[in-house]
Structures are given as structure tokens and as C-alpha cells.
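I opened the model to look up a sheet, the helices packed on it and a metal site. My entries follow in the order in which I made them.

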Amino acid sequence: MNFDLTINKIDTLEANLELIIVVDKNLDHRFVKDKDLLEKVGFKGEQDEVCLLIERDRLYVGIDSIGSVTTRTAIASAIRALKSTTYKSLKIASYMNHPKCTAVIRAMVEGFILGSYSFNKYKSNKTKPNIKDILISLEDYRDYELNIEACANALNRGQILAEATNFTRDIVNTTPDDCYPQIMANIAKKLAKENKLECKILKPKELKKEKMEAFLAVARASRHKPRVIHISYKPKNPIAVVSLIGKGLTYDSGGLSLKPADFMVTMKSDKSGGSAVLGIMKSVSEMNLPIEVHGFIGAVENMIGGDAYKPDDVLVAKNGKTIEIRNTDAEGRLVLADTLCYAQQEVKADYIFDFATLTGASVVGVGHYTSSIMGNSDEVKDRVIKGAKIAGEFATKLDFNRYLKKSLKSEIADICNISNTRYGGAITAGQFLEEFIEEENKDKWVHIDIAGPAFVEHSWGENPHGASGAGVRLMSRVLEGLIRATK
Ligand code: BES
Ligand code: ZN
Ligand code: ZN
């Protein structure tokens, strides 16, 4: 998709189709040219409601009020409504009477790119969006002292972020037979080459040397050998150093504590955390953010077999802590435990964020669309909540507490890999991870459980059926926020 900003009036622009946003059901605005017809077909202008007037080559979409979130989802709905049409170019006038007009332009671009995503890899008939050129008119800019350069920057960032999100979606949607640890490592290497990043891949021999025994135990029964990916973006004079750690379970069968059939389907999405980290690396490097960012991905497959790790095993993690295994399906925390230790050993970071489809309990607790945010520092957690809000992702805090922590006690090892209670599973998983965070890093670390939004089997807002790319937009916004805070 090509985007162009212009200060020329919308009616002077050449395009196959005009897209018109109706704000707060107001059909009397001068942008609305077909009031009678719209009333005739019963178009009310509700949020995300679309109406294509094919003979007029105009598409209308409603938003409740002018803002980033409303615009992003409305534009995504509009572009989806054009899926089977043959329009190649589109023009749209941006409302300028909003204090954060640049943010709205950015959301618009994100809506176009995110909404036109479809995963075609396994379809014989590949549908591609026909719309190639999008012209955005800022015709009212004179009335609002608008900085055109700021608008162009917003457009550019929206494009980078949405494309990075789609990149993550593609990885997550790819089947476990086509995307196993080695393939994830190859994707990282290719990204590193294209975006001039450093990339180091650890194979089993190196993992053994690093004493990542918990990680290796999870990997043992798979014919696909595991990898730890360390990919880094190092700009000159960074204002901060950030480490991102991602759970990259290319498949989670549950291991010997096998998942029931219905729960195993969609577990290709257990690599969403690692895939999000790759998407974030892509976006920060393309935005040239002045932050040093390190991505660490634990890529591994949790399978069954004669060589599988077992309930009753006791594993020794990289930091020397012993873990009693009572359920091999609680594998993500074992992979993250060692990957977190490795990340802390390799990089002294100012902030540490981990992304994981860690628990079904998070989905039960906060629903499909929301990520659970955990950690010790309210200041850092609030940064994540704020980043999510601006990005159009949902995130909410789940507080740790010392009573739940006791449920992880083991009689024979330092800690147990599952809690002894059915309740509070997202929090106890987070508190398990905390055991692998060094004392000096306790307040620098935030755990983001994306099990809810990472993969949803219906489309919602600007997200398609399947992978959403959760975490990519959220974290890119957190990083942008860090820069603003230090200015
Ligand atoms: N990958 C799953 C968590 C998950 C469930 C992600 C549903 C997305 C959707 C994780 O490895 C897992 O199986 N967790 C168990 C932990 C339990 C055994 C303590 C769970 O949540 O049931
Ligand atoms: Zn599992
Ligand atoms: Zn898992």
C-alpha cells in the first residue's frame, strides 16, 4: 500500500473511490455528500458501520467521536468491506479539528494496513487487497496551524508499526510443521540482515554450556532442536537499554501432561511472545529509535515421546534453582526462566519486558482481548498500560501477592512448576518467573501475558481471525514513551 499526504482539496483528487468518515452520526457535515441516500438505506453512522454506495464510488464509515482508537477500527472495517471489489485507489479527507490530529492520521494508516491483512499461505486462491494507493487530504490544515512534517512522520510510523504487526501475525499463523525453532532462527537472521541488526543463535550445545537445563528438558522430546535467539539493535548514544524476552513455543502439545484435543488446536500460537519480540525489533529499528533494544527468544517445541521430561522430574535452572515438575504443560515458565537468566547475564538493561502466551488462566480472568500485566514496579507497569491504550491494545494489571506465592512451594525442590490451587493461575505463573529475576532487576521487569489477545478465532476491531500481533504496537509505544520521558 502506498500512502500520500496532500493539502489539496479532496474534491480535486483523482481516485477510484472516496472514503468518508461520519462522526457522531452527523450526516450534515460537508464531507457527507449523500445524506438522502444514506438515510434511505438506513445508514446511521454507528461506530464501525459501513455503507458502500457503489454507483457513487463512495464508502461511508461511522465513528463515535474523533480519536485514534475509533478511527483505527473504523478504517479497518471499511477496508474489509472492499475485499471483493476492484477499486485500486482511494481518497480520504482527514478531520483536522482534533488536538491530536497527527495521532489520528497515524491510526488511520494503521487501520488501512492492519485491516487489509489476510493470511493466504495455505489457500489455493490467494486474495490480495486491491487498493494500492491511498491519498489523504489535509485540506483544512490552514485553520489548525498544522505541521505537515509532523503529519508525514505520523504516517510513516503508522506504516512501520502496522507492517511489523502483520509480520508478527504471519509468523504466528504459520503451522508448526513450517515454523519450528530453526525456522524462527532463520526469520530472525533474515530480519537482522535486512535491518542491520546483530543476531546470535544458540544451538543445543551452547545451551548446555549455558546450563539452561530447564529449557533443554522442555525441548527434549521434539525432533526439532531448540534455539535461543539473541537479536539486538544498537543505535549510537542510546538513552536507555531495554531487553525483551519472548516465549517461542513453536508448538505446545502439553507434553506428557497432554492437552485435551480441543485445547491443543491453536497451540501453534504459543510462539506469539517470541514472534512479537521479532516484530518489535523490526519496528524499533525502522523507526530509528534512540534506544538499545535486545530481543531474546526461547524457541522450542513441547512434545511427547520416550525422551520426554516428566511430571516428578526435578530440573536445575540456569540460576541454580531446582524446580519440581508436576505438569509438563506448564512449560512456558521453564523456557522463560532460563531465557530470562540468560538475558540478564548478557545485558545490563534499564528495563526488562517478557511476552508470553503463558496461561489459560489469564484468558479466563481477563478475557480474550486483554493482556495481563504483572511485576513489582507500578511505574513500569503503568508505562505498559499507557502504551497499550495509545496503541489500541487492551491491558490490565494483575497484582502479585505473598499469599498466592506460597502455593508454589515444593516439598522436594526449591519451587514447583505449578501452583497447588486452581485459582489465580496467571499471577502464580508471573510469581514463578519472578524467582528468576535478579534482585537488582526486580523493579525493572514487567511480565506481559498475551494468552488472551495473541490468537483469537474471530476477527475483532482491526484484528483478523487468528494471530493479532499483540504486543508489537503496545511495546513500540512504550519505547516511544521512554524517549518522550527523557527529553
Ligand atoms: N500455552 C499454554 C497457555 C495458553 C492457554 C495459551 C490457552 C493460550 C491459550 C501454557 O503453556 C499452558 O498450557 N499453561 C497451563 C498451565 C497449567 C498447567 C498450570 C494452563 O494455562 O492451563
Ligand atoms: Zn503448556
Ligand atoms: Zn505453552
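How many bridges join strand β2 to strand β4, and do these strands run parallel or antiparallel? I found six bridges between β2 (residues 17–23) and β4 (residues 58–63), and the two run parallel. Strands here are DSSP runs of E with at least two residues, helices are runs of H or I with at least four, and both are numbered from the N terminus.

Basis of the entries. I am working on a predicted model, where local features need pLDDT of at least 70 and side-chain atom pairs count only at pLDDT 80 or more, while totals for chains, interfaces and linings use all residues. Residues are numbered from 1 along each chain as its sequence is written, chains are lettered from A and ligands numbered from 1 in the order in which they are written, and side-chain values use heavy atoms, with hydrogens and water left out.

Sheet. I traced six strands in an open, mixed sheet with the order β1-β6-β5-β2-β4-β3; two strands pair if DSSP finds at least two bridges between them. β1 (2–6) and β3 (50–53) stand at the edges with a single partner each, so one side of each has no neighbour in the sheet. Direction ignored, neighbouring strands are turned by 20 degrees against each other on average.

Helices. I see α3 (residues 101–115) lying across β1, β2, β5 (89–93) and β6 (133–137), at about 155 degrees to β1. α4 lies across β1 and β6, at about 165 degrees to β1. Axes are lines fitted to C-alpha atoms, for helices over the stretch in contact, and angles run from 0 to 180 degrees between N-to-C directions.

Threonine 165. I placed this residue in α4 (residues 148–173). Threonine 165 is buried, with a relative accessible area of 0%; buried means under 20% (1.4 Å probe, protein chains only). Its contacts (heavy atoms within 4.5 Å) include Leu114, Ser468 and Arg473, not counting residues up to four places away in sequence.

Donors are N, O and S atoms within 2.8 Å of the metal (3.2 Å for Na, K and Ca). The zinc ion (ligand 3) is 3.2 Å from the zinc ion (ligand 2), and aspartate 252 coordinates both. Aspartate 252 lies in β9 (residues 241–252) and glutamate 331 in the loop between β12 (322–324) and α10 (332–346), so the pair ties together parts 79 residues apart in sequence. I found both aspartate 252 and glutamate 331 buried.

Conventions
Buried < 20%, exposed > 50% of the residue type's maximum accessible area, 1.4 Å probe, protein only.
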